[in-house]
Amino acid sequence: MDLFEYQAKELFRRYGIAVPDGRVAPSAAAAEKVAAKLGGRVVVKAQVQVGGRGKAGGIKLADDAAGAKAAAEQILGMDIKGHKVRKVLVERAGDIKAEFYGSFMLDRTAKAFLGMVSSKGGVDIEEVAATDPEAIARVHISPLTGVMPYHLRRMLYDGGIPKEAHKGATVLLETMFRCFLDADASLVEVNPMVLTGDGNVIALDAKVSLDDNAAYRQPLYEKLAAEIPLPKQEKIAKEKNLNYVKLDGTIGIIGNGAGLTMSTLDVVAEAGGAPANFLDIGGGANAATMAAGIDLIFSDRKVKSLFVNIFGGITRCDEVAKGILGALDQLPDLKAPIVVRLDGTNATEGRRILEQAARANISRAPTMLEAAATAVALTKGRGAGGLKR
Ligand code: GDP
Ligand code: MN
């Protein structure tokens with residue numbers, strides 16, 4: 001789960017990590033109120049789960065409350081890399097003397113944590129990583145010891161942090177690491193961590209990813225998740241108890257069983273197509289589940305064709321076939337092609353049901369590979385087949 005900056009900073013405050021004073025606001029009027037309360041110069045920041053807001057114009061400085069309102073009016077509703085801005089964070093503007101980079105993450109390959117620090121922090125850190133990787137100190141930290149003073153010294157020296165910031169940066173990094181471990185995060189990143197005019201080091205930005213596997217022992221996760229909007233399709237999927245993940249392609253996928261569904265994604269990619277989703281209807285899926293799944297997939301307007309790949313076991317292919325027809329009855333506007341491959345329990349009966357129904361947009365293929373190739377070929381020259389909602 002990727003937190004919004006304002007959530008990450010609330011988490012930071014619990015661990016005593018220095019962050020600027022501020023509050024999240026869902027409207028320009030609310031932003032004005034927060035700014036008035038803070039007094040003086042403020043910064044208004046778009047809240048989206050993606051970086052690069054500074055470069056996209058999603059961060060603006062304002063001299064007073066009226067200016068904060070105007071800035072919020074510009075930022076709210078903005079689209080940043082496909083993420084719509086619905087909230088802004090209004091903070092007291094920092095007095096920035098220097099900008100650094102600091103982070104902790106899990107390095108699975110090394111079976112250790114990885115700490116990174118650089119004096120070249122700020123909005124160009126990706127470029128620094130690509131062109132001047134030596135400027136970023138990388139220190140592995142054993143999970144058995146946790147962060148030790150010598151780790152932090154190495155990070156600061158190798159990262160080129162100026163002497164005057166060492167004391168403040170050490171405290172900041174230590175508290176960041178405590179938060180990282182204690183909150184079961186997989187990433188805690190502060191870019192920039194800034195040296196202020198009066199010599200303090202604070203977290204001006206905050207990026208935190210939490211490990212969802214730890215939700216059972218982190219009561220806070222549920223509250224944080226409730227504030228993060230799901231993609232529309234995933235919300236519907238949750239309500240209908242469907243195992244659905246949205247992807248970016250144009251070919252809808254339905255399979256039964258996680259393994260078969262995953263390999264269905266692979267064969268579609270191999271046939272030159274891009275899957276639009278993962279949807280495992282599971283074992284024992286009936287007609288109603290099938291109908292709900294088709295409805296859900298075509299609610300994604302990018303979908304041009306659907307590939308239904310079923311290997312019947314507990315799931316009966318005749319039920320699946322009835323489900324497909326039932327779904328089409330409920331969705332008379334759906335004209336997009338559907339390619340069905342049925343095998344296993346009651347496959348013959350399932351195929352017969354589809355054949356008798358003689359629907360123009362349903363085609364069948366005997367093997368997974370042929371079905372995938374057909375589903376890909378049928379998208380050529382087609383606009384989006386999705387339905388309006
Ligand atoms: P990101 O671009 O999404 O990573 O957003 P950041 O929070 O890192 O902000 C980007 C840049 O905006 C920072 O590197 C700063 O240069 C600038 N910025 C952010 N907050 C302040 C502030 O309080 N005062 C000033 N002067 N600049 C700020
Ligand atoms: Mn940043």
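The model is predicted, so local features need pLDDT of at least 70 and side-chain atom pairs count only at pLDDT 80 or more, while totals for chains, interfaces and linings use all residues. Residues are numbered from 1 along each chain as its sequence is written, chains are lettered from A and ligands numbered from 1 in the order in which they are written, and side-chain values use heavy atoms, with hydrogens and water left out.

**Overall build**

**Nonpolar cores**

A nonpolar core is a set of buried Ala, Val, Leu, Ile, Met, Phe, Trp, Tyr and Cys residues joined through side-chain atoms within 4.5 Å. The largest one holds 46 residues, of which Leu 11, Phe 12, Phe 104, Leu 173, Val 208 and Leu 210 touch the most other members. Helix H6 (residues 166-182) supplies the largest share of this core, seven residues. Another core, of 36 residues, lies apart from it and includes Leu 242 and Ile 281.

Beyond its neighbours within four places in sequence, Val 208 is in contact (heavy atoms within 4.5 Å) with residues including Met 1, Leu 11, Phe 12 and Leu 187.

**Ligand 1**

There are 17 residues around ligand 1 (a heavy atom within 4 Å), and Lys 45, Arg 53, Gly 54, Gly 94 and Glu 99 come nearest. The table gives polar contacts, which are pairs of N or O atoms within 3.5 Å.

| Residue and atom | Distance to an oxygen atom of ligand 1 |
|---|---|
| Gly 54, backbone N or O | 2.9 Å |
| Glu 99, polar side-chain atom | 2.6 Å |
| Asn 191, backbone N or O | 3.0 Å |

Taken alone, ligand 1 exposes 570 Å², and the protein buries 84% of that.

**Manganese ion**

Asn 191 (O) and Asp 205 (OD) coordinate the manganese ion (ligand 2) at 2.2 Å. Donors here are N, O and S atoms within 2.8 Å of the metal (3.2 Å for Na, K and Ca); because water is not among the atoms, sites may look incomplete. Asn 191 is buried, with a relative accessible area of 13%, and Asp 205 is buried at 18%.

How values were computed: Buried means under 20% relative accessible area, exposed over 50%, partly exposed in between (1.4 Å probe, protein chains only). Helices (H or I, at least four residues) and strands (E, at least two) are DSSP runs, numbered from the N terminus. A polar contact is a pair of N or O atoms within 3.5 Å; within protein, one must be able to donate a hydrogen and the other to accept it, and residues adjacent in sequence count only if both atoms are side-chain atoms. Accessible areas come from the Shrake-Rupley method with a 1.4 Å probe; for residues, only the protein chains shown count as cover.
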